[in-house]
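Work through the exercises below with the sequence and the 3D structure at hand. Each task is followed by its solution.

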There are 2 protein chains.
Amino acid sequence: MKKIVNDPNKVVEEMLQGFVAAHPDDVKQLPGTTVIARKDAPVSNKVGLVSGGGSGHEPAHAGYVGEGMLDAAVAGEVFTSPTPDQVFEAIKAVDGGSGVFLVIKNYTGDVMNFEMAAEMAEAEGIKVQQVVVNDDVAVEDSSFTTGRRGIAGTIFVHKIAGAKAAQGASLDEVKAVADKVVANVRSIGMALTPCTVPAAGEPSFVLEEDEMEVGIGIHGEPGIERKKITSADDIATELTEKVLDDMNLTGGEEIAVMVNGLGATPEMELYIVNRKVNELLSDKGIKIYDSFVGEYMTSLEMAGCSVTLLKVDQELKKLLEADSKAPAFRR
Amino acid sequence: MKKIVNDPNKVVEEMLQGFVAAHPDDVKQLPGTTVIARKDAPVSNKVGLVSGGGSGHEPAHAGYVGEGMLDAAVAGEVFTSPTPDQVFEAIKAVDGGSGVFLVIKNYTGDVMNFEMAAEMAEAEGIKVQQVVVNDDVAVEDSSFTTGRRGIAGTIFVHKIAGAKAAQGASLDEVKAVADKVVANVRSIGMALTPCTVPAAGEPSFVLEEDEMEVGIGIHGEPGIERKKITSADDIATELTEKVLDDMNLTGGEEIAVMVNGLGATPEMELYIVNRKVNELLSDKGIKIYDSFVGEYMTSLEMAGCSVTLLKVDQELKKLLEADSKAPAFRR
């Protein structure tokens, strides 16, 4: 295991300290928790947005905390759901009187623990609503998940629901727009290499030198097919077609594209993939409204990428381009 | 070689196409060249800023093209200087009548080719000035370099000189502030793994499973020492101390910090390094003005990081925090 770490069991704690040290004017760590919140939280009369999940997906989720996006992010251990009490602390810290909205990626542990936290908060009189993101079209049911997994499409939910909340929308309105994003966003990923959870010390699976896996999850969960590495264009085509097959587009729609690196993929390769994704969509008469190429939802040092497509309308476009001061998504 | 590419000899061409496809409203590729320029270039009565170098360091340099930073970036082949004629095309494209300023990383090929391009431009009546960035304190003279190498500190030059030019400063004034940044910025890097140039197909050097190299260059040039991997805190301490040793700080200064990932290092690890850098500087009474943690100047999929410190005064602070619309450095 080649990593730049101290105690493998303290990586989350030390990462969060390093994150707050980098952004001291913008965020705070709630004492005794693994919650990163906006420094000015709670914001009065604004719906508070909370997301989070296992660590190892940086910049998700703390990188999306900031004006115009999340009010707080809860960090679990690496690839492990945060506990309900941690989520509960986040909810309490961001409730400015207008309720709190939870963005949950669809993993059984996350859903269970965020819902339990929501019940704890409601018992204290805080209104809570939520959305479960399930954008990964690769497989139904998987390790850790019933139904489809939530992956990089989650970032679009953070951005758009965050912008809606920043405009002063009600909890119901934030919920409605988040539901709209989830209904219109689809993703799929592929990997060239596995990754190693620091405390485990060994990769969780093995790919041969000439192999890749299509449809893999962001924790290395099994995908659709393990096969010989193909060209960037073939990879881009397979991912894009699989996403489009699930979207029922008829042409003329507008789409926001995200080509997301899983951690160790050079940006050069992501742009080579984006080139082909762009060509494929253009050939089908689909208009690209905006593109996001980079590392948004990673799997430690996994090499690979995912392609996310979001069908946008006027409302989603306005919210997507609204200002954001989150360190990992400045607009 | 596990990479997401098509023809290894076309990676730069395809990357640039994918880059323009992602940012079509903001940038353009000059026809028949590897130059990415602001879409609205040349900007009248503004000094034009040009940088560039070998590819493989993304988001450097095209990611820094945008209002408030570079007007154009010239991409060479992977780890290879761009030719003088390409740089010349960039200079001509961004000259808005106030002259053009070149930001050159100190590699023999880059310096020679950018200077030759400057001469070609001057022969056509375009005023050109330049700065050579040599922030890497690791070694004097190295493969490809006489004197110190230019690495991640270059991004601060782009940002600050770019902001100065955006304010309408003269070519002499842009040169003066760029010189000030170069005089006050120092960096050093380390690597856990090598990287593979696509057309070569094999890593350019080998590190054993328990080895790291301190002071390595962004093309894998030899560093100071190859040794057993140490802890994140020890790595952060060694890098920070080596940079500070070269800076003659007496305490009370303000510093901008950059903890830069070389390509395959999880953001988690960069923040763990930042935690220690922050602690070391605070212990010495050095005030951190701002921090930048992420991938700014990479070496394909090399695992490792660099630490850059920039001593800032009022002028540099204002310019560092000025607006930038460059995709890789939004402010």
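The exercises concern the contact between two chains in a predicted model.

**Exercise 1.** Find how many residues each chain brings to the contact, and how much area is buried.

Solution. Start with the residues: chain A gives 54 and chain B gives 54. Next take the area: about 4,500 Å² is buried between chain A and chain B, and carbon and sulfur atoms give 60% of this. Then look at chain A, where A:K2, A:I4 and A:M268 lose the most area to chain B, together 21% of what that side buries.

**Exercise 2.** Describe the polar and charged links between the chains, and the side of chain A that takes part.

Solution. First count the salt bridges between chain A and chain B: there are three. In one salt bridge, the side chains of A:E269 and B:K3 meet at 3.9 Å, N to O. Then count the polar contacts: 26 residue pairs join chain A and chain B in this way, both residues being at pLDDT 80 or more. Now turn to the elements of chain A: α1 (11-22), α6 (232-245), α7 (267-283), β11 (287-294) and β12 (304-312) each supply at least two residues of the side that touches chain B. The largest share, nine residues, is that of α7(A). By class, this side of chain A has 25 nonpolar, 14 polar and 15 charged residues.

**Exercise 3.** Work out which symmetry relates chain A and chain B.

Solution. Chain A superposes on chain B by a rotation of 180 degrees with 0.0 Å of shift along its axis, at RMSD 0.0 Å. The relation is therefore that of a two-fold axis. In chain A, A:A264 has the C-alpha nearest the axis, 1.9 Å from it. Last, compare the two sides: 100% of the interface residues of chain A are also interface residues in chain B, so the copies meet through the same surface.

Terms used
Residues are numbered from 1 along each chain as its sequence is written. Chains are lettered from A and ligands numbered from 1 in the order in which they are written. This is a predicted model: local features need pLDDT of at least 70, side-chain atom pairs count only at pLDDT 80 or more; totals for chains, interfaces and linings use all residues. Side-chain values use heavy atoms; hydrogens and water are left out. Contact means heavy atoms within 4.5 Å. Buried area is the accessible area (1.4 Å probe) that two parts lose on being put together, summed over both. A salt bridge is a side-chain nitrogen of Lys or Arg within 4 Å of a carboxyl oxygen of Asp or Glu. A polar contact is a pair of N or O atoms within 3.5 Å; within protein, one must be able to donate a hydrogen and the other to accept it, and residues adjacent in sequence count only if both atoms are side-chain atoms. Helices (H or I, at least four residues) and strands (E, at least two) are DSSP runs, numbered from the N terminus. Ala, Val, Leu, Ile, Met, Phe, Trp, Tyr, Cys and Pro count as nonpolar, Asp, Glu, Lys and Arg as charged, and the others, Gly among them, as polar. Copies are superposed by least squares on the C-alpha atoms of residues with pLDDT of at least 70 in both.
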